[in-house]
Amino acid sequence: MSIQLDSITAGYDRFRLQNVTAQIPTGSLTALIGPNGCGKSTLLKTISRQLAPGKGRVHVDNEDISTLRTRAVAQRVSVLPQHPVVPPGITVERLVGYGRAPHQNLFGYQSRDDQQAVELALEMVSLTAMKSEAVSSLSGGQRQRAFLAMCIAQDTPFILLDEPTSFLDIRYQFEVLELMSTLQKAGKTVVAVLHDIAQAARFATHIVVMKDGRIEASGPPDQVVTPDLVKRVYGVQAHVYADPVSGTKVVSPEEKGMQDHPALASIN
Ligand SMILES: Nc1ncnc2c1ncn2[C@@H]1O[C@H](COP(=O)(O)OP(=O)(O)OP(=O)(O)O)[C@@H](O)[C@H]1O
């Protein structure tokens, strides 16, 4: 019972996942990390079947997703894309209600369960008071939380979040990270692309590290996040130490000494 990727080759003309084999444990909060352009979004799109692999198989709970109907995929996997498109004129409540579509009949009848799921999701992202606002009038962070609520309302066992903390100030970053933990503790499997390694180490139970379309490392944060990994994957010399309060790994790049940078010559 997990997400299982077997020998996946997928992507675009100039970029492909390179024979990726990986397992995302059921019930985990998995952080997917790696440098810009290494293929994190491509991997999430392959898991949610927005991209068909040229080679290899994706299994979700032992089912080959290429054999499932679209509705069946949407009952299993919800996705927060990196750049969600806002349907024109739509209110927050209506957007979140779209998350219920895979559970409704063809006529989109809203049951009491649907209404409750929408209300709960709005509450979880602190947007209840804004439910009648147009999504287009929200700030970047509020919009991000509205789309997250849509994923929550979809009530799937697997939730894929592509950079859920982008656009958010530190308070809402932590709220979203805590929310991901709450969802995981409630039994969901959450996979989130994160750029902050310390946040990944603190909140994730499992980390998958990518580089150049390949899986570079995976496992518990304590074992995966090391100075050697940071150097190998990001090319950055860094100290890795335990946060004095949480005890989880913190990454602090070594000072490079920019005073000799040629670009500064004209300023000095
Ligand atoms: N629709 C597309 N068509 C063609 N190439 C694409 C497309 N989307 C992404 N790519 C390319 O695929 C590569 C991997 O992109 P991807 O978005 O998966 O990386 P990422 O690790 O999520 O990056 P980031 O951290 O910057 O969001 C990049 O080189 C990118 O330019």
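pLDDT is the predictor's confidence in each residue, from 0 to 100. This is a predicted model: local features need pLDDT of at least 70, side-chain atom pairs count only at pLDDT 80 or more, and totals for chains, interfaces and linings use all residues. Residues are numbered from 1 along each chain as its sequence is written.

**Exercise 1. Confidence**

Task: State what average pLDDT the protein has.

Solution. The average is 92. Of the residues, 96% score at least 70. The model's scores are ipTM 0.98 and pTM 0.92.

**Exercise 2. Overall build**

Task: Count the helices and strands, then judge the protein against the globule rule.

Solution. Step one: there are nine helices and 14 strands. Helices (H or I, at least four residues) and strands (E, at least two) are DSSP runs, numbered from the N terminus. Step two: the radius of gyration is 20 Å, close to the 18 Å that the globule rule gives for 268 residues, so the protein is as compact as a globular protein of that length. That radius is taken over C-alpha atoms, and the rule is 2.2 Å times the number of residues to the power 0.38. Step three: along the principal axes, the C-alpha atoms fill a box of roughly 65 × 45 × 40 Å.

**Exercise 3. The core**

Task: Find which residues have the most contacts inside the largest nonpolar core.

Solution. Start with burial. A residue is buried if 20 or more other C-beta atoms lie within 10 Å of its own, exposed if 12 or fewer, and partly exposed in between, with C-beta atoms placed from the backbone. Buried residues make up 36% of the 268 residues. Next, the core. A nonpolar core is a set of buried Ala, Val, Leu, Ile, Met, Phe, Trp, Tyr and Cys residues joined through C-beta atoms within 7 Å. The largest has 69 residues, and Val96 and Ala149 have the most contacts inside it. Helix α5 (residues 140-154) gives the largest share of this core, eight residues. Last, look around Val96. Beyond its neighbours within four places in sequence, Val96 is in contact (C-beta atoms, placed from the backbone, within 7 Å) with Val118, Ala121, Leu122, Ala146, Ala149, Met150 and Ala153.

**Exercise 4. The ligand shell**

Task: List the residues around the ligand and sort them by type.

Solution. The shell holds Gly11, Tyr12, Phe15, Gly34, Asn36, Gly37, Cys38, Gly39, Lys40, Ser41 and Thr42. Sorting gives three nonpolar, seven polar and one charged. Here Ala, Val, Leu, Ile, Met, Phe, Trp, Tyr, Cys and Pro count as nonpolar, Asp, Glu, Lys and Arg as charged, and the others, Gly among them, as polar. Now place them: β2 (11-12) and α1 (40-47) each supply at least two shell residues. The largest share, three residues, comes from α1.

**Exercise 5. Positive phi**

Task: Locate Arg49 and Asp155, and give the phi of each.

Solution. Most residues other than glycine have a negative phi. Arg49 has a positive phi of about 70°. Arg49 sits in the loop between α1 and β6 (55-60). Arg49 is partly exposed, with 18 other C-beta atoms within 10 Å. Asp155 has a positive phi near 50°. Its place is the loop between α5 and β9 (158-162). Asp155 is partly exposed too, with 19 other C-beta atoms within 10 Å.

How values were computed. Two residues are in contact if their C-beta atoms, placed from the backbone, lie within 7 Å. A residue is near a molecule or strand if its C-beta atom, placed from the backbone, lies within 6 Å of it.
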